[in-house]
Structure formats: structure tokens, C-alpha cells
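Hi there,

Here is the structure I promised to pass on. Have a look at it first, and then read my notes below.

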Amino acid sequence: MLGALVASSPISFSAFGAPVKKTGRSGRLNLSFAPYELQLRHAFNLARSQRTTTPDVQVQIEYDGLIGYGEASMPPYLGESVASVTSYLSQLDLGQFSDPFRIEDIHEYLDSVAPDNRAAKAAVDIALHDLVGKIMGQPWYKIWGLNPDKCPNTSFTISYDKNPKEMAAKIEEASPYKVIKIKVGLDHDKELVEAIRARTDVPICVDANQGWTDKEKALEMCHWLAERNCLFVEQPMDKKCFDETAWLRERSPLPIIADEFLQRLPDVTRAAQAYDGINIKLMKSTGMHEAFQMANLARALGLKVMLGCMTETSCAVTAAAQLAPMVDYADLDGNLLIANDRFDGLKIVDGKVTIPDRPGIGVELI
């Protein structure tokens, strides 16, 4: 359930954490936040972990009667928690800012408070972009000058399950989508692929989550997957195995995409030395502001660009979708994997990312 809301200044709230619009003008940014546990529809089986929930913190910024929504989603590998996020957010004094359009200055302030806390910063950034877009009366894809018709199809993620009925249910759930993303890096990678290929021939992409430990075997898997209509391989080896990944990239018939290796803007240039592309996620990049810069830099370096997400509500996923017209691949299914979404936002129409034509990040509370 949504926990007690913490606010940096007094603010009234209606049921389920939705702020009541104030009369008058405050002229300052008012931050509030609350923990919220995401319930997954199916167990998420990764190379190094399994989980059925994801910790999350919902964030709101109020300014002159308008509300911007944001969130921090924290899968274990990010190294953040509800405690660390709420501790960081409690230190912020956004009330010192009277102009929400000073996004660059606000980001400099966010980084000055603490060096890491990327998901916490992303939550503030998303809420800030939502607020500014609402002030302007425009969605961010329009503010950035992007064409929503260029949004790619999104992949839909499934992971292995030893229960045949559960595995069949996961594959069936993915049937409306034109790309399937599978989590590999376990002992039954080929079994999972064969189970999917027995039911559908739609393209797949694989995410090893650093699970492959031998470059020769990784190369063998890349060749095997290439014969089974695979589009690319995401983070095949440990992010520390830079030279091994560069070796694999030179020989692989499939593009190699950086995920865990890549966090923020400075990582993009180095990624170009060992990867064919990057996977940008708001929870790693500190939000939309830096993600937009990362996508532009990657393009300049000749890299493929993938836009991903964590298990998140439609708030963060729809915020990420504002960049979708810029990318080659999209993996924006995080909201579809949870059972307790709070927002209405992006839609997947015939497998394609479809961005709402609403101001800000384009979401509404359900």
C-alpha cells in the first residue's frame, strides 16, 4: 500500500496520495513522497536473483496548484532501497527554487546533495518534467521536437519458469507483442528459447544480466541465437569484463548492448569501445534530462540506442516513452509486469509504443 506521505512543506492530500489543488500561488517547488511496493504479475527470474515485488517510492512536486508526478523504482542490483531514497529525498530543499524551468540548475543541486542515488534523482527529474510540461501545456516529445510515429515496437519480457504451465502462460501473455525479450544467463537458456520457438516465430532479444561467464561460450550462444531470429544480446557478461566484451563484440553476429555497464552520460563514450549499443533507463541516468543527452551522444558515436525500464508504474514508463521516437529498440513493458499500477499512461497498440497526447509526461492517476 501507499505509505504515509512525507512533504517538504505543508500540503493536503486526497485518497491514495493524490494532491488536492491549492488556491493561490506558492511560487516555490514543494516536494512530497511515499513508499509504494510494486506487486509483480509473475515471479521475475534473473541470472542472479528472483523476486515477486519491487520496492518503489512515489514522488510529487507541487507548484502554483499544478502537480508533477515521478517515481523511483529500485530493483536490487541498483543498490538503492526505500530507506536510501527517502533519506536522500528528505535532504532536499526544492523550496529554494522559484522557477521549475531551471532544470539544469536543479540537477546540479541534486548531484551536489549526494553523488549516487540515481533512482531518487530520477524520481525528482520525472516529476519536474511532468510539472514543466503541464505549465507549457505540451507533452515532452513535442517539446523535444520528436515525431511519435517513429516510436518502435516494444519487447515484452518473460523469464524461465520450471513449471511448464506457468511457462506456457508467460508465452501466451506475450502473444500480442511483436518482439519478445527473454532473461537468460541460467542453465536452461536454450530450453527457454526452444519453448518460445515451439509456439511463435516472432523476433526475440535476450538479456543475460551479466550471467554468461565464458566469452567462448557466449560467442557460441550468439551464433546459436542468430539462427533463431534473435535481434541482439544485452549485457552478456559481467560489466567488469570490458576486454572480454570487446572481444565478443568483434566476433558476434548479433549486436551487443550495454545495460548494467552503462549508468550515466560519461559512460556512453567508454561503452562505444566494447558495445554496439546502449540501453538507457531513467532509473540509472537520473531521469529524462540526462537520458536525452545520452541518446544524442550515442547517436553521434554511431551506437544503437535502446530505451528500457525497470518494473515501474506507468508514471516512469510513460516518462521514458517520451524519448521513444529517438531509439532503435524499446523495452517499455515494466508497467505491464505489475498488478498494482497507479497511473494511466502509454499504450501498446499492435505491439508499438504509443505516447499519450497529454501535457507533461502524459499520465493520469487511476
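Let me start with a loop residue. D64 sits in the loop between strand 5 (56–63) and strand 6 (66–73); helices (H or I, at least four residues) and strands (E, at least two) are DSSP runs numbered from the N terminus. This is a predicted model, in which local features need pLDDT of at least 70, side-chain atom pairs count only at pLDDT 80 or more, and totals for chains, interfaces and linings use all residues. Residues are numbered from 1 along each chain as its sequence is written, and side-chain values use heavy atoms, with hydrogens and water left out.

Although D64 is not a glycine, its phi is positive, at about 50°. Most residues other than glycine have a negative phi. D64 counts as buried because its relative accessibility is 19% (buried means under 20% relative accessible area, exposed over 50%, partly exposed in between, with a 1.4 Å probe and protein chains only).

N229, also not a glycine, has a positive phi near 60°. The loop between helix 7 (215–226) and strand 10 (230–234) holds N229, which counts as partly exposed because its relative accessibility is 37%.

Beyond its neighbours within four places in sequence, L89 is in contact (heavy atoms within 4.5 Å) with L31, F33, V57, V59, A120 and V124.

Best wishes
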